[in-house]
Amino acid sequence: MSLRKVTVSKLIEKKQKGEKIVTITSYDYSFAKIIDNTGIDLILVGDSLSMVMLGYKNTLSVTMDEMIHHTKTVSRGVTNALVVGDMPFLSYKISRKDAIYNAGRFIQEGGAEAVKVEGGTEICSTIDSIINADIQVMGHLGLTPQAIYKFGGFLVQGRTVEAAKKLIIDAINLQKTGVFSIVLESIPWQIAKLITGILDIPTIGIGAGPHCDGQILVIHDMLGIFTEFKPKFLKYFGKLGEEIIKALRLYQTEVKEGKYPDQEHSYEYPLNDFKEIKKWMESIDLDVESEKSLNKVK
Ligand code: KIV
């Protein structure tokens with residue numbers, strides 16, 4: 001194992017040393033390879049792929065098979081980052097047996113090293129079963145997108161005193177059950193800071209302010225590729241969507257105007273051989289020749 005290989009214990013050490021943990025989502029080989037080369041700690045194959053890759057309106061539509069397919073492609077591109085597969089809607093809430101089986105598929109078929117599940121105290125017994133099958137689990141609290149219909153939309157969570165108390169208890173219970181880290185999504189920064197302060201395991205924030213132990217963003221969002229929805233916490237670190245449009249327009253123009261491909265982007269044929277081909281073409285009837293070769297394969 002390379003020295004740079006990120007493991008669960010290295011992430012916990014980072015928290016102890018006060019070093020920020022940088023994480024991001026990815027859904028395919030090429031992006032995963034680029035991300036891994038930048039030294040990012042953890043790559044989540046998020047169920048956000050339902051929206052940004054597959055075009056569904058929320059994360060509820062993506063299936064286990066689709067998640068496994070994308071997790072495989074990411075794992076092939078990653079050497080150092082910890083790869084975490086996001087368990088999709090219903091894949092871990094019907095029965096513990098299903099939960100262990102589906103979590104196992106992420107490891108065995110997908111090549112992931114851990115899985116992430118959404119929910120608090122109510123899923124601790126399920127998490128316990130997955131961990132007992134030697135699978136590392138990451139928790140996810142706050143705005144858990146698989147519950148948007150329960151929440152009534154993509155709304156900030158933990159705003160009332162009761163809701164904030166529940167988040168704190170949930171975080172403690174997840175840690176007690178054995179998760180190695182918890183994603184805190186769309187909650188007030190003060191509550192995220194409190195939770196981060198009382199846990200030994202790292203918190204990874206997304207819309208949870210600056211005091212979490214690490215951060216995560218959806219790669220298509222932060223690069224400005226997926227711009228249909230911009231929550232308050234999202235910052236565009238690039239404008240790749242605009243760059244892609246610019247490149248495609250230039251490609252269209254150059255093809256239409258005959259500027260591309262030019263000599264520089266074409267393969268050369270040896271002059272003498274080319275002369276021979278031309279002579280051959282003048283010496284035969286091409287139709288007859290092509291018929292002869294077709295007849296041979298009939
Ligand atoms: O699905 C996802 O991408 C996520 C992250 C945003 C935490 O769950």
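Let's start inside helix H5, where Ala99, Asn102, Ala103, Gly104, Arg105 and Phe106 are buried; buried means under 20% relative accessible area, exposed over 50% and partly exposed in between, with a 1.4 Å probe and protein chains only. This is a predicted model, where local features need pLDDT of at least 70, side-chain atom pairs count only at pLDDT 80 or more, and totals for chains, interfaces and linings use all residues. Residues are numbered from 1 along each chain as its sequence is written, and side-chain values use heavy atoms, leaving out hydrogens and water.

So what do the buried residues of H5 pack against? They pack against helix H4 (64-77), strand S3 (82-86), strand S4 (114-116) and helix H6 (124-132). H5 itself covers residues 96-108, and its 13 residues reach 18 Å from first C-alpha to last, close to the 18 Å expected at 1.5 Å a residue (that is, 1.5 Å times one less than the number of residues).

Now step back to the whole chain. It has 13 helices and eight strands, which are DSSP runs numbered from the N terminus (helices H or I, at least four residues; strands E, at least two). The radius of gyration is 26 Å, well over the 19 Å that the globule rule gives for 298 residues, so the chain is more spread out than a compact globule. That radius is taken over C-alpha atoms, and the rule is 2.2 Å times the number of residues to the power 0.38. The C-alpha atoms fill a box of roughly 90 × 45 × 40 Å along the principal axes.

Of the 298 residues, 45% count as buried.

Note on methods
Contact = heavy atoms within 4.5 Å.
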